[in-house]
Amino acid sequence: MKYARIVRLFADRLHLTYEDALGFFYDSDTYRLISEGIGDMHCLSDEYLADELLMEWKAKENNN
């Protein structure tokens, strides 16, 4: 499944546990956009979407 591949890439890039990465994914704007089919996000590559999650992660870190 696409979600699992995206979460695995994201977890690997940040050296997170799969569970932590999955929790972040399901609370992310990226997930919301993919699941609602906005902007055909589901058609983008797994790598691109993992990068989007990484940018969200960094943005949240900078805001804290």
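How many positive and negative side chains does the protein chain have, and how far apart do the centres of the two sets lie? In which helix does Thr-30 lie, and which residues is Thr-30 in contact with, leaving aside its neighbours within four places in sequence?

Mentor: This is a predicted model, in which local features need pLDDT of at least 70 and side-chain atom pairs count only at pLDDT 80 or more, while totals for chains, interfaces and linings use all residues. Residues are numbered from 1 along each chain as its sequence is written, and side-chain values use heavy atoms, with hydrogens and water left out.

The protein chain has 7 positive side chains (Lys and Arg) and 13 negative ones (Asp and Glu), His and the chain ends not being counted. The centres of these two sets lie 2 Å apart, each charge being placed at NZ of Lys, CZ of Arg, CG of Asp or CD of Glu.

As for the setting, the protein chain comprises 4 helices and 0 strands (DSSP runs, H or I of at least four residues for helices and E of at least two for strands, numbered from the N terminus). Its C-alpha atoms fill a box of roughly 30 × 25 × 15 Å along the principal axes. Of its 64 residues, 28% are buried, that is, under 20% relative accessible area with a 1.4 Å probe, protein chains only.

Thr-30 lies in helix α3, which spans residues 29-35. Thr-30 is buried, because its relative accessible area is 2%. Beyond its neighbours within four places in sequence, Thr-30 is in contact (heavy atoms within 4.5 Å) with Met-41, Leu-49, Glu-52, Leu-53 and Glu-56.

Key:
Buried means under 20% relative accessible area, exposed over 50%, partly exposed in between (1.4 Å probe, protein chains only).
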